[in-house]
Amino acid sequence: MILYFSGTGNSLAIARQIAERAGEQVMPLREAVGADLSDEKRIGFVYPCYNGDAPKIVPKLVAQLDLPTDAYYFIVITCGALTGNSIWTVKKVLKQKGIRLNYCNKIRVPDNSALGFGRNPNDQLWKFQKYAPRLEQIKNDIAANVNAHHWGSPDLLAALQTLSVFDVFDNAIFKALRPKVNAEKCVGCGICAKVCSVGNISLTENHAHCGDKCESCLACVHFCPHLAVELGGKPTLKERQYHHPKVELKDMIVEK
């Protein structure tokens with residue numbers, strides 16, 4: 001079983017490819033809470049790196065899972081460049097549950113947060129071709145239950161971000177990547193609420209409203225057909241909206 005967290009489809013697409021090679025199924029991580037995983041012999045976690053760490057919801061959900069201790073466990077991170085502490089954070093949660101992580105690795109993909117800094121994520125599609133050999137190796141490794149740890153140790157730079165002196169820096173990044181709804185553009189179609197991975201968006205009086213549980217996955221920004229969800233007060237441009245080429249809106253609504 002491969003459990004994933006995904007905002008714009010990168011992690012979902014990678015999870016599907018690994019599952020196909022390994023003969024496994026995929027399931028959204030949040031749906032795995034309460035599920036019977038006792039008979040699973042291989043359990044993997046595929047999720048992105050956000051600001052040097054795992055999305056905050058990921059270790060929280062992993063901690064709630066009822067997991068067998070005798071399965072083969074792996075983590076694969078999707079990231080724009082660096083993994084930070086994204087592997088280590090979940091690895092610690094698994095260790096607390098008496099589970100040994102057998103394999104971890106990363107795969108670089110287009111960075112959907114680039115939009116928040118004035119760049120176009122679609123300009124990074126070259127990563128799929130460049131890192132295809134690594135993905136093939138990852139898929140083969142997992143299918144063969146290989147034991148190997150890549151980028152599985154604490155990252156010093158990411159660890160520094162947990163210190164209070166870096167709170168201002170972290171808050172500035174989070175603020176820049178916190179979506180807000182432009183009421184003048186919103187028509188209340190509800191798509192942003194349907195793709196939100198943590199139920200942070202509500203609809204009132206035919207308009208969407210963002211709450212305070214945002215994970216900065218940016219699904220709402222990239223999937224809004226009316227360009228009504230913005231970052232940092234800057235208009236969202238259609239040509240800069242991104243989702244994995246093999247993942248559609250219906251995938252994120254149905255499978256998330």
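How many residues does helix α1 have, and how far does helix α1 reach from its first C-alpha to its last? The views below show a predicted model, in which local features need pLDDT of at least 70, side-chain atom pairs count only at pLDDT 80 or more, and totals for chains, interfaces and linings use all residues. Residues are numbered from 1 along each chain as its sequence is written, and side-chain values use heavy atoms, with hydrogens and water left out.

**View 1. Helix α1 (residues 10-22).** Helix α1 has 13 residues and reaches 18 Å from its first C-alpha to its last, close to the 18 Å expected at 1.5 Å a residue (1.5 Å times one less than the number of residues). Helices are DSSP runs of H or I with at least four residues, numbered from the N terminus. Among the buried residues of α1 are Leu12, Ala15, Ile18 and Ala22 (buried: under 20% relative accessible area, 1.4 Å probe, protein chains only). Just after α1, Gly23 adopts a positive phi of about 70 degrees.

View 2. Ser11 counts as buried because its relative accessibility is 1%. Beyond its neighbours within four places in sequence, Ser11 is in contact with Tyr4, Phe5, Ser6, Val46, Tyr47, Pro48 and Thr78 (contact: heavy atoms within 4.5 Å).

**View 3. Packing of helix α3 (residues 57-64) and helix α4 (residues 86-96).** The two helices pack at an angle of about 15 degrees, with their axes 9 Å apart (axes: lines fitted to C-alpha atoms over the stretch in contact; angles: 0 to 180 degrees between N-to-C directions). Helices α3 and α4 are therefore roughly parallel (angles under 35 degrees). Val58, Pro59, Val62 and Ala63 of α3 meet Thr89, Val90, Val93 and Leu94 of α4.

Key:
Parallel < 35°, antiparallel > 145°, perpendicular 65-115°, else oblique. Buried < 20%, exposed > 50% of the residue type's maximum accessible area, 1.4 Å probe, protein only.
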